[in-house]
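Here are my notes, written to be read with the model open beside them. Follow along point by point and click on the residues as they come up.

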Amino acid sequence: CMKLVLSSFFVYLFFVCSPVFAERFFKEYVVKVSGIKIGKLFWKINIENTSYSNEIKLKSEGLLSALYRFEGDYYSEGVVDKKKLKPTRYKHSWKTNKTTKEVDLVFNDEKLISLKQKPIEKEHLRINIFDIRKNKDPLTSFLQIMLGEQSSMVVDGRRTYTMTSVIEYNANKNIIEISNYSNLWADHKRNKFEKLTFEKKDGIFLPYKIYIYFDGRIFKLEQI
């Protein structure tokens with residue numbers, strides 16, 4: 001479940017607050033569940049006038065890491081066209097003590113044109129994902145929401161869904177609702193990913209607190 005949460009999530013965390021293009025951002029977060037530290041997250045964004053890149057590195061830390069080690073790398077890149085982000089490449093890898101899984105997606109004009117996985121998925125695709133337009137990878141989708149878009153359709157190699165931003169101005173909080181959820185390889189009804197919320201400070205682009213609601217648990221990310 002940790003893999004599902006973190007793979008899908010890096011995913012959505014943001015408030016509508018448009019930065020000047022040609023900027024770079026870097027932040028570190030501690031990751032906790034039920035008050036127990038389980039890891040650290042390093043997040044780097046680079047937005048140029050005509051291109052962008054978005055990178056997240058996740059690594060287990062704390063007492064539980066002696067029993068369960070994990071490491072995740074998530075990266076997306078693409079072009080900037082009239083302040084709209086159009087992905088060209090997305091990839092992520094997830095490593096534990098026992099397994100390594102990788103996903104590599106290629107896009108052209110917001111349409112998925114290539115999907116590669118290691119290990120190779122044995123099931124047949126249950127959705128013709130290559131016929132769906134206006135798709136973005138998860139990292140590009142939440143960055144686009146940060147730049148003012150209200151919703152974005154996501155494909156991450158395992159599932160598709162729509163992210164929709166709901167802003168609570170008084171609480172300085174943003175809620176990311178998830179709808180139209182479908183698994184590409186498994187039962188479409190399986191969905192334990194509930195929602196995301198994050199909090200930000202005035203004048204700061206990246207959030208300082210992020211909450212992931214998944215299968216009755218809350219994963220908390222707090223800026224260091």
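Is Lys-220 buried, partly exposed or exposed? Lys-220 is partly exposed, because its relative accessible area is 26%; buried means under 20%, exposed over 50%, and partly exposed in between, using a 1.4 Å probe and protein chains only.

1. Ground rules. This is a predicted model, so local features need pLDDT of at least 70 and side-chain atom pairs count only at pLDDT 80 or more, while totals for chains, interfaces and linings use all residues. Residues are numbered from 1 along each chain as its sequence is written, and side-chain values use heavy atoms, with hydrogens and water left out.

2. The overall picture. The protein chain has two helices and 14 strands; these are DSSP runs numbered from the N terminus, with helices being H or I of at least four residues and strands E of at least two. Of its 224 residues, 48% count as buried. The accessible surface comes to about 11300 Å², and 48% of that belongs to carbon and sulfur atoms (Shrake-Rupley method, 1.4 Å probe; for residues, only the protein chains shown count as cover). Among contacts with a separation of 6 or more, 49% are between residues 24 or more positions apart (contact means heavy atoms within 4.5 Å).

3. Strand β3 (residues 51-60) runs antiparallel to strand β4 (residues 70-81), and nine bridges join them; two strands pair if DSSP finds at least two bridges between them. β4 and β5 make a hairpin with two residues between them, and Lys-82 in the turn has a positive phi of about 55 degrees.

4. Asp-73 and Ser-93. The bridge partner of Asp-73 in β5 is Ser-93. Ser-93 is buried, as its relative accessible area is 12%. Leaving aside residues up to four places away in sequence, Ser-93 touches Glu-71, Gly-72, Asp-73, Lys-101 and Glu-102.

5. Salt bridges. The structure holds 14 of them, each being a side-chain nitrogen of Lys or Arg within 4 Å of a carboxyl oxygen of Asp or Glu. Asp-73 turns up again here: it forms a salt bridge with Lys-57, with the closest N and O atoms 2.8 Å apart. Asp-73 lies in strand β4 and Lys-57 in strand β3, so the pair ties together parts that are 16 residues apart in sequence. Lys-57 is partly exposed, at a relative accessible area of 38%. Both residues belong to a salt-bridge network that also takes in Lys-44 and Glu-55.

6. Two other salt bridges. Glu-123 meets Arg-126 at 3.4 Å, N to O, and Glu-123 is partly exposed with a relative accessible area of 35%. Back to the opening residue: Lys-220 forms a salt bridge with Glu-222, the closest N and O atoms being 3.6 Å apart. Glu-222 is partly exposed too, at 25%.

7. Aromatic pairs. There are five; rings of Phe, Tyr and Trp (its six-membered ring) pair if their centres lie within 6.5 Å, with planes under 30 degrees apart called stacked, over 60 edge-to-face and the rest tilted. The rings of Tyr-29 and Trp-43 have centres 6.1 Å apart and planes at 40 degrees, so this pair is tilted. Tyr-29 sits in strand β1 (residues 23-33) and Trp-43 in strand β2 (residues 36-47), so the pair ties together parts 14 residues apart in sequence. Both are buried. Tyr-161 and Tyr-181, by contrast, are stacked, at 6.1 Å centre to centre with 10 degrees between the planes.

8. A nonpolar surface patch. Ile-36, Leu-64, Leu-67 and Tyr-68 form it, with about 410 Å² of accessible area together. Patches are made of residues with over 30% relative accessible area and no salt bridge, joining like charges within 9 Å and nonpolar side chains (Val, Leu, Ile, Met, Phe, Trp, Tyr) within 5 Å. Leu-67 is in the loop between β3 and β4 and counts as exposed, at 71% relative accessibility.
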